[in-house]
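Visitor: I would like a close look at a single part of this model. Please start with the overall setting, then zoom in.

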Amino acid sequence: GVRGKPDYDPTDKYKAGSKILIRLKWLIRVQEPVLLMGSNNVYRFSRPELYKDGVLVPYRKYAQEAINRLAGKTYRNFIGSVPPPVEVKPNQTLNGGILLDDFYDPLPPGHYQFTYRHKLSDGDSSDIISSNTITFDVVP
């Protein structure tokens, strides 16, 4: 897979069936330091949105089930099994990535729009930050 592969280069065109890693670089625009909750589980806070030719692509079955299992749980449910919260300072940059395979079935050819959305807290909170939207194509 793509995980741990340092020579992976993002592009705006992918071959159908290939692994797609979206690299994230966030500039945190806050006035005062804030705490970002840590997690070892990609489904705990990540809520990506992917559209194919203007239609929302649903999460793969396993991903949706994992998100549903975590719904309503709070930090108290995870103490001892997750990294502690991280203090983020104003204008700090964070780097990361998301493997689309974690959330979506293999993508058929088409034009895609992707926005990374991240929950800021546990439970059913609606506090979400979003990335800019990127576009890419999947070709046969």
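Visitor: What percentage of the 140 residues of the protein count as buried? After that, show me the surroundings of Phe136 and what lies in contact with it.

Guide: Of the 140 residues, 32% count as buried. Buried means under 20% relative accessible area, exposed means over 50%, and partly exposed lies in between (1.4 Å probe, protein chains only). Some ground rules come next. This is a predicted model, where local features need pLDDT of at least 70 and side-chain atom pairs count only at pLDDT 80 or more, while totals for chains, interfaces and linings use all residues. Residues are numbered from 1 along each chain as its sequence is written, and side-chain values use heavy atoms, with hydrogens and water left out.

The protein has two helices and nine strands. These are DSSP runs numbered from the N terminus: helices are H or I with at least four residues, strands are E with at least two. Their order from the N terminus is β-β-β-α-β-β-α-β-β-β-β. The accessible surface comes to about 8700 Å², and carbon and sulfur atoms hold 51% of that surface. Such areas come from the Shrake-Rupley method with a 1.4 Å probe; for residues, only the protein chains shown count as cover. Among contacts with a separation of 6 or more, 73% join residues 24 or more positions apart. Contact here means heavy atoms within 4.5 Å.

Now zoom in on Phe136. Phe136 is buried, with a relative accessible area of 1%. Set aside neighbours within four places in sequence, and the contacts of Phe136 include Thr11, Asp12, Ile20, Ile22, Leu50, Leu100 and Leu107. Gly110, His111 and Phe114 also touch Phe136.

Two further contacts, Tyr14 and Tyr112, matter for the rings. The structure holds five aromatic pairs. In the pair of Tyr14 and Phe136, the ring centres are 5.5 Å apart and the planes stand at 85°, so this pair is edge-to-face. The pair links distant parts of the chain: Tyr14 lies in strand S1 (residues 13–15), Phe136 in strand S9 (residues 128–139), 122 residues apart. Tyr14 is buried too, with a relative accessible area of 6%. Phe136 also pairs with Tyr112, this time stacked, at 5.4 Å centre to centre with 10° between the planes. Tyr112 sits in strand S8 (residues 110–119), 24 residues from Phe136. Tyr112 is buried, as is Phe136. The rule: rings of Phe, Tyr and Trp (its six-membered ring) pair if their centres lie within 6.5 Å; planes under 30 degrees apart count as stacked, over 60 as edge-to-face, and the rest as tilted.

The core is next. The largest nonpolar core has 26 residues, and Leu107 and Phe136 have the most contacts inside it. A nonpolar core is a set of buried Ala, Val, Leu, Ile, Met, Phe, Trp, Tyr and Cys residues joined through side-chain atoms within 4.5 Å. Strand S2 (21–27), helix H2 (61–70), S8 and S9 each give two or more residues to this core. H2 gives the largest share, four residues. In soluble globular proteins, nonpolar side chains tend to be buried together.

H2 deserves a glance. Its buried residues are Ala63, Ala66, Ile67 and Leu70.

Two strands pair if DSSP finds at least two bridges between them. S4 and S8 are antiparallel over four bridges. Within that pairing, Glu49 has Thr115 of S8 as its bridge partner. S4 and strand S5 (residues 55–56) are antiparallel over two bridges. They form a hairpin with two residues between them, and Asp53 in the turn has a positive phi of about 50°.
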